[in-house]
Amino acid sequence: LSVDGKTLEEGSDYVLSPGQLVIKGSALNNGAGLLRTVVETIPEENTQLSGLYKSGPMYCTQCEAMGFRRITYYPDRPDNMAVFDEIRIEADKESYPVLLGNGNLLEKGDIEDSDGRHYATWSDPFPKPSYLFCIVAGSLRSISDTYTTTSGKEVHLEIFSEKENVNKLDYAMDSLKRSMQWDEDKFGLEYDLGIYNIVAVNDFNMGAMENKGLNVFNTAYVLADPATATDTDYARVEGVIGHEYFHNWTGNRVTCRDWFQLTLKEGLTVFRDQEFSGDMGSNAVKRIEDVGSLRARQFAEDAGPMSHPIRPESYISMDNFYTATVYSKGAEIIRMYNTLLGEDGFRKGMDLYFERHDGSGVTCDDFRAAMADANDFDLDQFGLWYTTNGTPT
């Protein structure tokens, strides 16, 4: 540990305890300073799949919700948003020829006098919480394409997987391009970086993760073999690709103040991916499927001992928050805004929400206020939906 280049001494300058690092005020320069931490981790032994770990031929990260603290010491609350302006990754070039990070690629090359090592430097100009941090290093193959936004910016698109799965990536690429076009047409939201990468990983706790500019997917949600994939497989790939892309605005550019607000990003983005999938196929059929899933999973959850509101008030483990209630019932609450205000009114509310809160960590109440203010509509009583559990009868 060092502050402004001065090495800190344990005890006199800082106190280290399980799960906590405290820098004493006496070690800082007038209460401020540039803190540098150097840590060692063993990702090969990380079986929690949280933080930095190894999956097959690649190293990757998963930081939502609290994985970044398993990489280094950091105040990893979602409202602590910072610009990760330079991330340098180094590795053996033969074993790990692909080095990926958030944002745009600044430079890459061989490291002189390093016996076959190389590097890549990435930069994300947009403030983000640490749960969106991601790096990937591996021996991967890919397909690539480009997308031109409404404003004329060309975005490089690339989807990576292990070499034996490259022939199963085409539908994911098509789905990504449709997602980008739909979000521009429906909500006026353009992609904001010059690169958008997706990586398919065999060992992954979640279905997919919306890391800024570098989505990581469980292979089940990105691969579709034309010889064996069913209609359901294709629909799942399209929906999840869309969901993670839509998070770029509803989750990344505007994120949660704290994890109790998880439905703010997940319920809203589930609603958006449902609308996208409906517009790509049949809205009626998609709605029937979603209601069937809601009745089968979320109704049962709400009728049992695990019943909770879409914005819970406490938790034992943050991992327990990722429920059908937070996601699916949360999406139904968002749909109610759309029904009450109409599509035009909902769009006005979304526009005001981004205008007010771009680059911030906010609450469900902030979203409700944007919807109310944009439409001069009293939504005070609507707030009860966020704190009341159970299925309405």
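Trainee: How are α2 and α3 oriented to each other?

Mentor: Bear in mind that this is a predicted model. Helix α2, residues 231-246, and helix α3, residues 262-280, pack at an angle of about 135°, with their axes 9 Å apart. Angles over 145 degrees would count as roughly antiparallel and 65 to 115 as roughly perpendicular, so α2 and α3 are oblique to each other.

Trainee: And which hand does the crossing of α2 and α3 have, left or right?

Mentor: The crossing of α2 and α3 is right-handed.

Trainee: Which residues meet there?

Mentor: From α2, the residues are Glu238, Gly239, Gly242, His243 and Phe246, and they meet Glu266, Thr269, Val270, Arg272, Asp273, Phe276, Ser277 and Met280 of α3. By class, the residues of this contact divide into four nonpolar, five polar and four charged.

Trainee: Switching to pockets, what volume does the largest one have, and what lines it?

Mentor: The largest pocket has a volume of about 1,700 Å³, and its lining is made up of 42 residues, with Thr37, Val39, Phe68, Ile71 and Thr72 lying nearest its centre. The elements that give two or more residues to this lining are β4 (20-23), β5 (35-36), β7 (58-62), β8 (87-92) and β12 (135-138), and the largest share, six residues, comes from β8.

Trainee: How does that lining divide by class?

Mentor: The lining of the largest pocket has 28 nonpolar, six polar and eight charged residues.

Trainee: What about the second largest pocket, where does the largest share of its lining come from?

Mentor: That share, 10 residues, comes from α2, while the other elements that give two or more residues to the lining include α3, α4 (283-302) and α5 (324-357). The second largest pocket has a volume of about 1,300 Å³ and is lined by 41 residues, of which Arg236, Gly239, Val240, Asp273 and Lys286 lie nearest its centre. Gly239 and Asp273 also belong to the contact of α2 with α3. By class, the lining of the second largest pocket divides into 15 nonpolar, 13 polar and 13 charged residues.

Note on methods: Residues numbered from 1 in each chain as written. Predicted model: local features only at pLDDT ≥ 70, side-chain atom pairs only at ≥ 80, totals over all residues. Heavy atoms only, no water. Axes fitted to C-alpha atoms, helices over the stretch in contact; angles between N-to-C directions. Helix = DSSP H or I, 4+ residues; strand = E, 2+ residues; numbered from the N terminus. Parallel < 35°, antiparallel > 145°, perpendicular 65-115°, else oblique. Left-handed = near helix turned anticlockwise from the far one by under 90°. Contact = heavy atoms within 4.5 Å. Nonpolar A, V, L, I, M, F, W, Y, C, P; charged D, E, K, R; others polar. 1 Å grid on protein atoms, 1.4 Å probe; cavity = no way out; pocket = protein on both sides within 12 Å on 5 of 7 lines; lining within 4 Å. Points joined across faces, edges and corners; volume = space filled by probe spheres on them.
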